[in-house]
Amino acid sequence: MNNTDLKEAKKAQRKETGKRMAALSHEYMEDASSQIAAALMKTKEYMEADTIFCYMNFGKEVVTSGIIEDALRRGKKVCIPLCHGKGVMDARYYNEDTKLVPGAYGIMEPSPEEPVAQPEDIDLAIVPCVTCDRQLSRLGHGAGYYDRFFSLFKGCKVALCFEEILVDKVVTEEHDITMDKLISEKYVYEKEYGEYRRWRP
């Protein structure tokens, strides 16, 4: 497919996933989010991370408030996204006293005065998605914030996704970056020694 066809295929996949997402109950998403957070906290990458970068959930994304609270309680440094203009995002340090304001998409963000966390200082990035596949490909919302951020970030990238909206194959373009792990409420998916595997947390 050429670039135009790929973009249209991505748009169609987002639309189809949106329909599946709309059918998920609040109870399912709440319970699944708790299970996903618990599974993440058991991973070696989370336990050993000194500094984590975590998205602030919005809409029907996997809820991350419990993850952020746990990380702070354990004494980890936490940073969250701040988006600037078109497709540019950086990480700003966050704690319980950080003032948050709604950003351009209604997502809660820190103010530009909060200190910047350099990508090389972050050990673990916890990433949202529209959907993923079991080969660790991620479909985002299309703005390119995370792809640009990951071009500078060399740590572990973990996507969180409800099992009910995973797809067999995500439509990808050349610049799309594969995750290191994918966590749903049922499995942790990862690639080890060149092979994809899944295990129950």
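Helix H2 lies across strands S7 (124-127), S10 (156-160) and S11. Its direction makes an angle of about 145 degrees with S11. This is a predicted model. Helix H4 also lies across part of the sheet, and H2 and H4 meet each other.

**Helices on the sheet**
- H4 lies across S1 (51-54), S2, S3, S7 and S10.
- H4 runs at about 135 degrees to S2.
- The axes of H2 (residues 26-42) and H4 (residues 65-73) come within 9 Å.
- These two axes cross at roughly 35 degrees, and the crossing is right-handed.
- From H2, the residues in this contact are Ala37, Leu40 and Met41.
- From H4, they are Gly66, Ile67 and Asp70.
- By class, the contact of H2 with H4 holds four nonpolar residues, one polar and one charged.

**The sheet**
- Nine strands form an open sheet with mixed pairing.
- Their order is S6-S3-S2-S1-S7-S10-S11-S12-S13.
- S6 (116-117) and S13 stand at the edges.
- Each of these edge strands has a single partner, so one side of each is left without a neighbour in the sheet.
- In a regular strand, side chains alternate between the two faces of the sheet.

**Strand pairs**
- S2 and S3 (residues 88-94) are antiparallel and share seven bridges.
- Within that pair, proline 81 has alanine 91 in S3 as its bridge partner.
- S11 (residues 181-183) and S12 (residues 188-192) are antiparallel, with three bridges.
- S11 and S12 make a hairpin, with four residues between them.
- S12 and S13 (residues 195-199) are antiparallel, with five bridges.
- S12 and S13 also make a hairpin, with two residues between the strands.
- In that hairpin, tyrosine 193 takes a positive phi near 50 degrees.
- Follow tyrosine 189 in S12: it is the bridge partner of leucine 182, and it stands opposite arginine 198 in S13.

**The largest pocket**
- The largest pocket holds about 950 Å³ of space.
- Its lining has 41 residues.
- Nearest its centre lie Arg138, Gly140, His141, Gly142 and Ala143.
- The elements that give two or more residues to the lining are H1 (3-22), S2 (77-84), S5 (108-110), S9 (138-139) and H5 (145-150).
- H1 gives the most, with seven residues.
- The lining divides into 20 nonpolar, nine polar and 12 charged residues.

Technical notes:
Residues numbered from 1 in each chain as written. Predicted model: local features only at pLDDT ≥ 70, side-chain atom pairs only at ≥ 80, totals over all residues. Heavy atoms only, no water. Axes fitted to C-alpha atoms, helices over the stretch in contact; angles between N-to-C directions. Left-handed = near helix turned anticlockwise from the far one by under 90°. Contact = heavy atoms within 4.5 Å. Nonpolar A, V, L, I, M, F, W, Y, C, P; charged D, E, K, R; others polar. 1 Å grid on protein atoms, 1.4 Å probe; cavity = no way out; pocket = protein on both sides within 12 Å on 5 of 7 lines; lining within 4 Å. Points joined across faces, edges and corners; volume = space filled by probe spheres on them. Pairing = 2+ DSSP bridges.
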